[in-house]
Amino acid sequence: MSRVKPLPESAERVFKGVIFEIWQWKQQMFDGTIETFERAKRADTTVVIATMDGKIVLQVQEQPDSTAPFPCMPGGRFNEGEEPLACAKRELLEETGFASDDWVLWKEYRPAEKIEWIVHAFVARDCKKVAEPHLDAGEKVSISLIDFDEFLALSDNPAFGSTEITAELLRARLHPEKRDALHALIFGSR
């Protein structure tokens, strides 16, 4: 759970962009003085660890503002009013053409204290191809299937785009009990 308080009711939005909003408020300091505090806000996102044929689905994605293609898991931003599972299912379908009937919410992360933003990490087991991918104009995606050890090794890859799960992958590499638990979560049993 986050140690950061929610935005106070007195906070005012001072900027609204396409992805980010900036909010400011007056905050009393411990010595009684008043300072302006600031926090960014953005739509929540999802990341999906999807399995197919006993392997994990990995994307290599390129976007117009990236310097090179990068490996990542399927996922993306919520649409307004969209629920976490609905977003995860939509993003998986759009980016891969895959669907699953077996979904588990794994973790919810707040990646940065100064940004109001939650990443919802899901597992989608036993995916099936049901459609062709329907990518955004700013996405190029190729799909491959990797084994569990290759998945954990992504924690060593500085280009890995799903950074919110990197620490969990590293913990699983370092602790056999965490490795077993993650494997069981992703594949349903060991």
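The structure is a predicted model, in which local features need pLDDT of at least 70 and side-chain atom pairs count only at pLDDT 80 or more, while totals for chains, interfaces and linings use all residues. Residues are numbered from 1 along each chain as its sequence is written, and side-chain values use heavy atoms, with hydrogens and water left out. Helices (H or I, at least four residues) and strands (E, at least two) are DSSP runs, numbered from the N terminus.

The buried residues of H4 are Leu182, His183, Leu185 and Ile186. They cover an arc of only 165° around the axis, which puts them on the same side of H4; the arc is that of the directions from the helix axis to the C-beta atoms. Among the elements that cover these buried residues are strands S4 (45–52), S5 (55–62), S9 (102–109) and S11 (119–125), together with helices H2 (148–153) and H3 (166–174). The length of H4 can be checked too: at 1.5 Å a residue, its 12 residues (176–187) should span 16 Å, and this agrees with its end C-alpha atoms, which are 16 Å apart. The expected span is 1.5 Å times one less than the number of residues. Just after H4, Gly188 takes a positive phi of about 95°.

Strand S11, one of the elements covering H4, is itself largely enclosed by the rest of the structure, because seven of its seven residues are buried. In a regular strand the side chains alternate between the two faces of the sheet. In S11, Val119, Ala121, Val123 and Arg125 point one way, His120, Phe122 and Ala124 point the other way, and all are buried. Two strands pair if DSSP finds at least two bridges between them. S11 pairs with S4 in the parallel sense over six bridges, with Thr46 opposite His120. With S9, S11 pairs in the antiparallel sense over seven bridges, and Lys107 has Ala121 as its bridge partner.

A further, open sheet has four strands in the order S1-S2-S3-S10, with mixed pairing. Its edge strands are S1 (12–16) and S10 (115–116), each pairing on one side only. S3 (residues 34–42) and S10 run parallel and are joined by two bridges; Ala40 stands opposite Ile115 in S10.

Asp53, in the loop between S4 and S5, has a positive phi of about 55° although it is not a glycine. At 67% relative accessibility, Asp53 counts as exposed. Asp126, in the loop between S11 and strand S12 (128–129), has a phi near 50°, also a positive value in a residue other than glycine.

Finally, Thr166 lies in helix H3. Not counting residues up to four places away in sequence, Thr166 touches Ser155 and Phe160, where contact means heavy atoms within 4.5 Å. Thr166 and Gln59 are 107 residues apart in sequence and 15 Å apart in space, C-alpha to C-alpha.

Key: Buried < 20%, exposed > 50% of the residue type's maximum accessible area, 1.4 Å probe, protein only.
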